[in-house]
Amino acid sequence: MERSIVGENDVRVFYDNALHCYQAIMGDRWHHGDPEAEASGLSVVEACERLEERVVSVARLEPGGRALDFGSGIGGPTLHMAKVSGASFVGVTNNEALNQRAREKAVEAGLSDRVCFLSMGDTDYKNLLAFADASFDAVTFYESVCHLPDKAAFFRAAFRVLKPGGRLVGTDWLQRPFGDFRTEEQIMTLIEPVNAFICLPGLGTVEGYRGMIEGAGFRVESAADMFANTKCWGSTPTTQRAQWLEYQGPAGEMFRNGKVALDAARAAGVFTVGMFAAAKRS
Ligand SMILES: C[S@@+](CC[C@H](N)C(=O)[O-])C[C@H]1O[C@@H](n2cnc3c(N)ncnc32)[C@H](O)[C@@H]1O
């Protein structure tokens with residue numbers, strides 16, 4: 001398959017369709033849950049909530065605090081983090097349709113006084129200029145940075161908007177060598193179709209993310225593969241498989257193909273999810 005060139009505007013348009021598909025199949029959380037929580041028998045939603053609670057705790061968010069959730073989807077994780085922490089949140093995406101749904105959810109949850117969802121321009125993530133220097137206690141992200149062509153610029157912008165002592169905490173899709181797939185060429189035979197169908201400009205690695213976060217000025221507290229030494233089948237219940245493979249909504253073929261490509265990368269072990277925590281030195 002040809003290497004795709006995915007731009008930020010492509011990702012915005014992708015989510016016009018993904019909104020319908022992801023909401024129908026995954027509900028209001030579009031990220032992997034805590035693997036240990038799932039292994040203990042909790043549902044995908046409960047495992048997502050446990051992960052969000054872990055993020056809030058690592059970010060040291062408390063009542064009165066203020067956080068930016070970058071790439072907030074339709075708001076499920078943002079609202080749960082606000083609920084359990086007592087902090088205020090600003091969720092941002094470059095897709096207004098997602099934000100409209102997220103705002104409705106904030107009202108339903110009775111959290112619209114502490115949580116707002118803002119639309120930003122496609123490339124505003126590179127500087128986050130809508131936000132003042134040192135104006136947040138934490139920046140969180142769940143599986144959103146993977147969509148950015150210039151991930152390093154986002155980490156530099158996150159550093160600027162954090163207060164001294166503030167924390168960057170998040171999870172993201174990654175690629176890695178696994179089993180018989182060792183070289184970049186071998187890995188890309190499986191990852192390239194994932195990138196093409198799921199509108200990703202390219203996946204990073206644990207060490208690549210560590211380097212970009214350190215390069216932005218942070219002290220990295222942890223950078224870990226959440227599925228180290230095992231294939232990443234987290235939050236992929238077999239009960240959802242038919243829903244993905246038979247999905248008939250807008251751009252249905254793209255989402256069906258995306259499921260097949262992602263499952264192939266999971267099966268080969270070259271796809272995983274990482275978790276990162278870093279502090280801005282005070
Ligand atoms: C997989 S979804 C995750 C949504 C949410 N964090 C969750 O876990 O439910 C990726 C999110 O990244 C956002 N995103 C992708 N590219 C972006 C960009 N250039 N600027 C802002 N948000 C972006 C998408 O709009 C979407 O909300």
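**Close-up views of a predicted model**

**View 1. Residues of helix 7 meet residues of helix 10.** In this predicted model, L190, I191, P193, V194 and F197 of helix 7 are in contact with M254, N257, G258, A261, L262, A264, A265 and A268 of helix 10. Sorted by class, the residues of this contact comprise eleven nonpolar and two polar ones, with no charged residue.

**View 2. Helix 7 and helix 10 cross at roughly 150°.** Helix 7 spans residues 184-197 and helix 10 spans residues 252-268; their axes come within 8 Å of each other. Angles over 145 degrees count as roughly antiparallel, and helix 7 is therefore roughly antiparallel to helix 10. The crossing of these two helices is left-handed.

**View 3. Helix 1 packs against helix 5 at an angle of about 40°.** The axes of helix 1 and helix 5 (residues 96-108) lie 8 Å apart. The two helices are therefore oblique to each other. On the side of helix 1, the contact is formed by Y15, D16 and L19, and on the side of helix 5 by A97, L98 and R101. Four of the residues in this contact are nonpolar and two are charged, while none is polar.

**View 4. A shell of 24 residues lies around the ligand.** Of these residues, W30, H31, G71, G73 and S144 come nearest to the ligand. Helix 1 (8-26), helix 4 (76-85) and strand 2 (88-93) each contribute at least two residues to the shell. The greatest contribution is that of helix 1, which supplies three residues. By class, the shell holds ten nonpolar, ten polar and four charged residues.

**View 5. Prediction confidence is highest in strand 1 and lowest in helix 9.** Strand 1 (residues 66-70) reaches a mean pLDDT of 99, whereas helix 9 (residues 238-245) has a mean of 94. Over the chain, the average pLDDT is 97, and 99% of the residues score at least 70. Where pLDDT is low, predicted coordinates should not be read in detail.

Conventions
Residues numbered from 1 in each chain as written. Predicted model: local features only at pLDDT ≥ 70, side-chain atom pairs only at ≥ 80, totals over all residues. Axes fitted to C-alpha atoms, helices over the stretch in contact; angles between N-to-C directions. Helix = DSSP H or I, 4+ residues; strand = E, 2+ residues; numbered from the N terminus. Parallel < 35°, antiparallel > 145°, perpendicular 65-115°, else oblique. Left-handed = near helix turned anticlockwise from the far one by under 90°. Contact = placed C-beta atoms within 7 Å. Nonpolar A, V, L, I, M, F, W, Y, C, P; charged D, E, K, R; others polar. pLDDT = per-residue confidence, 0-100. Near = placed C-beta within 6 Å.
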